[in-house]
Amino acid sequence: MSRISRRIGSIAESATLAVDAKAKALKAAGRPVIGFGAGEPDFPTPEYIVDAAVEAARDPRNHRYSPAAGLPELREAIAAKTLRDSGYEAAAAQVLVTNGGKQAVYNTFATLLDPEDEVLVPAPYWTTYPEAIRLAGGVPVDVFAGPEAEYKVTVDQLEAARTERTKVLLFVSPSNPTGSVYSPEEVAAIGRWAAEHGLWVVTDEIYEHLVYDGVEFTSIASVVPELADRVVILNGVAKTYAMTGWRVGWMVGPQDVIKAATNLQSHATSNVSNVSQRAALAAVSGPLDAVHEMRTAFDRRRKAMVTALNEIEGFYAPTPQGAFYAYVDVRGALGREIGGVTPTTSAELAALILEQAEVAVVPGEAFGPSGFIRLSYALGDEDLAEGVARIQRLLAR
């Protein structure tokens, strides 16, 4: 008999966290590794948010259990923030506060899916989505769009992938890992298609404030009102407020779904840390000034990185319009000798870049087909310039 269940044994580790962990281990061993792996802003959490957490830690109210669904005042604030930013009106009872965005993802699929239900997953996708779907008993169905389509799927592609088992469409804009942002017209067309076929839509909006070049964030939940009772919005404070370590996410959706997901969470983890919830309350209720400052820095780094990457022979990096990632087509660099090695997959190329250039990138296999690499530009300007320069020197040999 196997010591590990088939369900858990079949899960792949998070590729992005694995790359980040390896980069940090090499740095700890004295190697000057630069990591482009983790999607983690290099800025500190804004001071007013930290101050709220310090005050909360001293308040005995926060030393006890609180409701599994989240602090009532935070749920109210998230509902207000969702109306402000997404245009989707929800009551506090339609909000569940989770331990980071990943728990919101899993809770949602575990609540919606029965065994063998299919979920359409536009690819390239964040590495956790298909694993969460499988854990919930569902079947992820990849729908791939390449760089020539700006990594954005079409209604025709989705329709071709739809079957009688299709229950959910996963929709992510701005996208991790590609940085693509769907136009309002594209969002509306996909939303209307989903509504026409009675599908649920799970939309991850965690990068909503990180858009560039005058591009507009559009929530599928608001632009297609007929989806209102069949949509779940996923979000959190991690990316917008540089709060990856605070572990506060949420899901917003129909009340029956939220109630069922809350029952699940009550047995899995109970409430999110009260101190983190108080910090999140300060974040979502406060100004966006610090967010705009971070976005300005990300924009500068975005332009510098894309320009430099496109100067590398065999690399093609479309300009991302959102998030803080460049998703590079490296198929033109495969199959030729680089530093005495001939990589034939993006995984082999990423391993070569780490070993010989001491730069950590995430291979496309983590997000869908081989032939691509993801680099985060949520790191300091100097490290970004040096890291890309190392890759340029390696591939120029």
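Good morning. I begin with aspartate 114, which touches Gly137 and Gly138 when residues up to four places away in sequence are left out of the count. Please keep in mind that the structure before us is a predicted model. Where does aspartate 114 have its place? The residue sits in the loop between helix 5 and strand 3, and strand 3 covers residues 118-123. Compare its position with that of lysine 24: from C-alpha to C-alpha, aspartate 114 and lysine 24 are 39 Å apart in space, and 90 residues apart in sequence.

Helix 5 comprises residues 100-112 and packs with helix 6, residues 128-135, at an angle of about 40 degrees, the axes being 8 Å apart. Because of that angle, helix 5 is oblique to helix 6. The two helices form a right-handed crossing. Which residues make the contact? On the side of helix 5 they are Lys102, Val105, Tyr106 and Phe109, and on the side of helix 6 they are Thr128, Tyr129, Ala132, Ile133 and Leu135. Sorted by class, the residues of this contact are 7 nonpolar, 1 polar and 1 charged.

Helix 5 also meets helix 10. Their axes come within 9 Å and cross at roughly 115 degrees, which means that helix 5 is roughly perpendicular to helix 10. This crossing of helix 5 and helix 10 is right-handed. Helix 5 contributes Gln103, Tyr106, Asn107, Ala110, Thr111 and Leu112, while helix 10 contributes Val257, Ala260, Ala261, Leu264 and Gln265. In this contact of helix 5 with helix 10 there are 7 nonpolar and 4 polar residues, and no charged residues.

In general, the strands of a sheet pair through backbone hydrogen bonds, in either a parallel or an antiparallel manner. Here, 7 strands form an open sheet with mixed pairing, in the order 2-8-7-6-5-3-4. Strand 2, residues 95-98, and strand 4 are the edge strands, each pairing on one side only. From one strand to the next, the twist averages 20 degrees. Strand 3 pairs with strand 4 in the parallel sense over 6 bridges, and valine 121 stands opposite aspartate 142 in strand 4.

Helices pack on this sheet as well. Helix 8, residues 184-196, touches strand 3, strand 5 and strand 6, and its direction makes about 165 degrees with that of strand 5. Helix 10, residues 255-268, touches strand 2, strand 6, strand 7 and strand 8, and its direction makes about 25 degrees with that of strand 2.

There is also an open sheet of 3 strands, with antiparallel pairing and the order 9-12-11. Strand 9 (325-329) and strand 11 (362-363) each have a single partner strand, so one side of each is left without a neighbour in the sheet. Strand 9 and strand 12, residues 372-376, pair in the antiparallel sense over 5 bridges. Within this pairing, leucine 375 of strand 12 is the bridge partner of alanine 326.

Finally, I mention the aromatic rings. How many aromatic pairs does the structure hold? There are 12. One of them joins phenylalanine 144 and phenylalanine 372 in a tilted arrangement, with 6.0 Å from centre to centre and 55 degrees between the planes. Phenylalanine 144 belongs to strand 4 and phenylalanine 372 to strand 12, so this pair ties together parts that are 228 residues apart in sequence. Thank you for your attention.

Definitions and conventions
Residues numbered from 1 in each chain as written. Predicted model: local features only at pLDDT ≥ 70, side-chain atom pairs only at ≥ 80, totals over all residues. Heavy atoms only, no water. Axes fitted to C-alpha atoms, helices over the stretch in contact; angles between N-to-C directions. Helix = DSSP H or I, 4+ residues; strand = E, 2+ residues; numbered from the N terminus. Parallel < 35°, antiparallel > 145°, perpendicular 65-115°, else oblique. Left-handed = near helix turned anticlockwise from the far one by under 90°. Contact = heavy atoms within 4.5 Å. Nonpolar A, V, L, I, M, F, W, Y, C, P; charged D, E, K, R; others polar. Pairing = 2+ DSSP bridges. Phe/Tyr/Trp six-rings, centres within 6.5 Å; stacked < 30°, edge-to-face > 60°.
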